[in-house]
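Please open the model in your viewer and keep the sequence beside it. The stops below say what to select next and what is found there.

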Number of protein chains: 2
Amino acid sequence: MRAVQRFLTLLALLAVGGCATVARDPLPSWNEGKSKQAIVAFVDKVTAPGSPQYVRPAERIATFDNDGTLWAEQPMYTQLAFAIDRVKALAPQHPEWRTTEPFASLLANDIKRALAKSEKAILEVMMASHAGMTTAEFEATVSDWIARARDPRFKQPYTSMVYQPMLELGAYLRANDFKVFIVSGGGIEFMRPWTEKVYGIPPEQVVGSSLKTKFEMRDGKPVLMRLPEINFIDDGPGKPVGIYRQIGRRPIAAFGNSDGDLQMLQWTTTGSGARFGLVVHHTDAAREWAYDRKASFGTLDQALDEAQAKGWTVVDMKSDWKTIYPQ
Amino acid sequence: MRAVQRFLTLLALLAVGGCATVARDPLPSWNEGKSKQAIVAFVDKVTAPGSPQYVRPAERIATFDNDGTLWAEQPMYTQLAFAIDRVKALAPQHPEWRTTEPFASLLANDIKRALAKSEKAILEVMMASHAGMTTAEFEATVSDWIARARDPRFKQPYTSMVYQPMLELGAYLRANDFKVFIVSGGGIEFMRPWTEKVYGIPPEQVVGSSLKTKFEMRDGKPVLMRLPEINFIDDGPGKPVGIYRQIGRRPIAAFGNSDGDLQMLQWTTTGSGARFGLVVHHTDAAREWAYDRKASFGTLDQALDEAQAKGWTVVDMKSDWKTIYPQ
């Protein structure tokens, strides 16, 4: 349908404008500069018929990290904020949490103390808040929370803390017959309820971490129960594994912002033919956040060095982006 | 692009034919009867604008089992024939197989004896033939084998042993803006190298069983190694789990042929709104095979009872299909 609409729009433009040049900028929130030029040059060379580096539409796979690449990940991952809110909401049913860590500290709003101790603490919080219900129940909980919760600094819904330049980039790639996927370390079921509306990316094009689920009959109706057991961690070396498992094709373009995206960028950019790797560097403390090598969430260290060494595009958020969030 | 082409075709037809009725049968290999009527009635009611059971295109998800639903699964699963051929090809590098079961019996062409003993034997054969190489090496091996191997009864390439009526059904659904997935108990990596060419189903729309893979650097290049360890069995109660994991939407139509498809059919047909379940019943010993409750591969017992009880469409291959294989 979208292609037909585009075709009709084109017809209308031709009818009205005769030979007028249609030169609408597909990336209006990107300042002119090396990053924007590199993106456009790549898309041109893989889509122009007769280009020596032409790629047929079916193989135009692009993968985007989510946290820090499509939306903000500071002061903590949004999914962690969700987990903490869920622990608080579920606390009345768990009196034992008042005296058990990490829950006691969380309920006392001492998040740093609760989560500083170990990965195990974070895992316990995730399991307590993400498992033990059907998939439908969990989806409803996520949808409800994401509609109501607000970012602590900007006081906006988290789905407004998405990057306008990246929305334009996704739309630009789709308009050029790319199939755009999210490949995130975050929970696949935490993203799917809203990615289609917010990013235009449907659930079947979301790859992420997951818990195990189990098919069961409940009152004669089939349900999928969420188990408190990790199924897959789609981060770092897990990203190429997740891409291979779910997409089954090697992307020709990958977009990330942290060391968790390094292997996805390596895997994508070392395939044959034209390849594109991009790293969003958070350099804008005033409009968003500035962080890289020493960050607690979204550390960008090794991948920044490798981007520079390999010639991947490094977006300087402060100078490359005219606007950060949608108006 | 496809939508534009369809639109242009329509324009051309209108220009040439004026008001001529375009009444091409989308399912020419299906005999007129209840099965064909049920399919067309379902597609009409979910696609007609203004229909009370209208489903928007994004949610028109259809899932097809592969073995016995899209292609033949007798006298044994094609993937098992592949595994046995691989064991024979690899035998010179494994002198110990000459005296170790199940390999010794396999190499002596006593397949029944080799595999009759236990599931463990089948698993050992699968691991020996499917793991221990990169994903790219495995894909090349599958592509080479599928191009050369022949079905033992009809002496045709396995990719010619696909069901013409089901190819038409897939194309008919896609023409009605369905997104068509394979959801198979077979290995995802065994199917992906050829499903796009044979069925028009791209790799990212194939769900199946899988081994674990591991990201590694080899001579400075990233590879994915196939490990001799099961990642996921996409069969029976695993099918709704695999669908949820990879597609993230509940299908509105599911197509199967065996008890391994029962839970996928239950999961699909108990959602809200219009739903469609179909079971291919193999009733044609002359043109294909006749088997159901007692079959070693593709047992259809409980799902046949449930299809009858729940009103799912049961295709009688002998009477419903004009032709079985593509000409």
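Select Lys155(A), which lies in the loop between α7 (135-148) and α8 (164-175) of chain A, where helices (H or I, at least four residues) and strands (E, at least two) are DSSP runs, numbered from the N terminus. Although Lys155(A) is not a glycine, its phi is positive, at about 60°. This residue is exposed, with a relative accessible area of 57%; buried means under 20% relative accessible area, exposed over 50%, and partly exposed in between (1.4 Å probe, protein chains only).

This is a predicted model, in which local features need pLDDT of at least 70 and side-chain atom pairs count only at pLDDT 80 or more, while totals for chains, interfaces and linings use all residues. Residues are numbered from 1 along each chain as its sequence is written, chains are lettered from A and ligands numbered from 1 in the order in which they are written, and side-chain values use heavy atoms, with hydrogens and water left out.

Asn109(A) is a residue other than glycine with a positive phi, near 65°, and it is exposed, its relative accessible area being 53%.

Now select Gln74(A) and Pro75(A), which are joined by a cis peptide bond with omega near 0°; Pro75(A) sits in the loop between β1 (61-64) and α3 (78-90) of chain A. In chain B, a cis peptide bond links Glu101(B) to Pro102(B), with omega about 5°, and Pro102(B) belongs to the loop between α3 and α4 (103-107).

Stay in chain B and show helices α2 (residues 34-47) and α8 (residues 164-175), which pack at an angle of about 15° with their axes 11 Å apart; axes are lines fitted to C-alpha atoms, for helices over the stretch in contact, and angles run from 0 to 180 degrees between N-to-C directions. That makes α2(B) roughly parallel to α8(B), a term for angles under 35 degrees. The contact (heavy atoms within 4.5 Å) is made by Ile39(B), Val40(B), Val43(B) and Asp44(B) of α2(B) together with Leu169(B), Tyr172(B) and Leu173(B) of α8(B).

Finally, keep Leu169(B) selected: among the 65 residues of the largest nonpolar core, Leu169(B), Met166(B) and Phe255(B) touch the most other members. Such a core is a set of buried Ala, Val, Leu, Ile, Met, Phe, Trp, Tyr and Cys residues joined through side-chain atoms within 4.5 Å.

Key:
Parallel < 35°, antiparallel > 145°, perpendicular 65-115°, else oblique.
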